[in-house]
Amino acid sequence: MRRLTISVDNALADAFDELVKKKSYLNRSEAFRDLVRKELGDAELEDSDSSWCVGTLTYVYDHHARQLANRLTEMQHNHHDIVVASQHVHLDHNNCLETLIMRGRANEVKACAHAITSQTGVHHGNLHIIPVELSSPSTRMATKF
Ligand code: NI
């Protein structure tokens, strides 16, 4: 491990200390490492859309929107190599929350997520992508049914 010494103005230092406290980091170093990792990960994904990633997609949808529930299930089946798991919560009489766990190349995961969240009646769609280096990407489902 290397020690870095950095200089920041007082306002930024105060804001950083607030962040450390708010996010319950044990110390500034851990907070700084997390910020750098996030930026590096984002940059890597921007540089190479074909990088492997895992992601979670969360959205709320209108249970009564015509055929929407069926269409969303159909889309997940059509992308069964990318959508590896889903969780469904009946929020109330009208609204359902779904979280999908996704895996694949970043461009494929983003395209699949966008196709789902752009459906009429789907709200608050949010994709969180985490870049990963999979030791054997060929572990993708290859089973024939
Ligand atoms: Ni539901």
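1. Helices (H or I, at least four residues) and strands (E, at least two) are taken here as DSSP runs, numbered from the N terminus. The model is a predicted one, in which local features need pLDDT of at least 70 and side-chain atom pairs count only at pLDDT 80 or more, while totals for chains, interfaces and linings use all residues. Residues are numbered from 1 along each chain as its sequence is written, and side-chain values use heavy atoms, with hydrogens and water left out.

2. Nonpolar patch. Leu4, Ile6, Val8, Leu12, Phe32, Val36 and Leu40 make a nonpolar surface patch of about 640 Å². Helix 2 (residues 28-47) supplies the largest share of this patch, 3 residues. Patches are built from residues with over 30% relative accessible area and no salt bridge, like charges being joined within 9 Å and nonpolar side chains (Val, Leu, Ile, Met, Phe, Trp, Tyr) within 5 Å. Accessible areas come from the Shrake-Rupley method with a 1.4 Å probe, and for residues only the protein chains shown count as cover. Leu40 lies in helix 2 and counts as exposed at 56% relative accessibility. The accessibility classes are buried (under 20% relative accessible area), exposed (over 50%) and partly exposed (in between), with a 1.4 Å probe and protein chains only.

3. Salt bridges. The structure holds 4 salt bridges, each defined as a side-chain nitrogen of Lys or Arg within 4 Å of a carboxyl oxygen of Asp or Glu. One of them joins the side chains of Arg28 and Asp17, at 2.7 Å from N to O. Arg28 belongs to helix 2 and Asp17 to helix 1 (residues 10-22), so this pair ties together parts that are 11 residues apart in sequence. Arg28 is exposed, with a relative accessible area of 51%, whereas Asp17 is partly exposed at 27%.

4. Salt bridges link Glu30, Arg33, Asp34 and Arg37 in a network. Between Glu30 and Arg33 the closest N and O atoms are 2.8 Å apart. These two residues are 3 residues apart in helix 2, which means that about one helical turn separates Glu30 and Arg33. Glu30 also meets Arg37 in a salt bridge, at 3.8 Å from N to O. By relative accessible area, Glu30 is partly exposed at 26%, Arg33 is partly exposed at 28% and Arg37 is partly exposed at 47%.

5. Strand pairing. Strands count as paired if DSSP finds at least two bridges between them. Strand 1 (residues 52-62) pairs with strand 3 (residues 95-105) in the antiparallel sense over 11 bridges. Strand 2 (residues 83-90) also runs antiparallel to strand 3, joined by 7 bridges. Met102 in strand 3 is the bridge partner of Gly55, and Val83 likewise stands opposite Met102. Strands 2 and 3 form a hairpin with 4 residues between them.

6. Nickel site. His88 (NE2), His90 (ND1) and Cys96 (SG) coordinate the nickel ion at 2.0 to 2.3 Å. Donors are N, O and S atoms within 2.8 Å of the metal (3.2 Å for Na, K and Ca); water is not among the atoms, so sites may look incomplete. Along the chain, the donors follow the spacing H-x1-H-x5-C. His88 is found in strand 2. The C-alpha atoms of His88 and Tyr25 are 31 Å apart in space, and the two residues are 63 apart in sequence.

7. Aromatic pair. The structure holds 1 aromatic pair, formed by Tyr59 and Tyr61, which is tilted, with 6.3 Å centre to centre and 40° between the planes. Rings of Phe, Tyr and Trp (its six-membered ring) pair if their centres lie within 6.5 Å; planes under 30 degrees apart count as stacked, over 60 as edge-to-face and the rest as tilted. Tyr59 and Tyr61 are both buried.

8. Backbone points to check. Most residues other than glycine have a negative phi. Gln67 has a positive phi, near 65°. This residue, Gln67, is found in the loop between strand 1 and helix 3 (68-78) and is partly exposed, at 47% relative accessibility. His124, also not a glycine, has a positive phi of about 55°. His124 is found in strand 4 (residues 122-131) and is exposed, with a relative accessible area of 68%.
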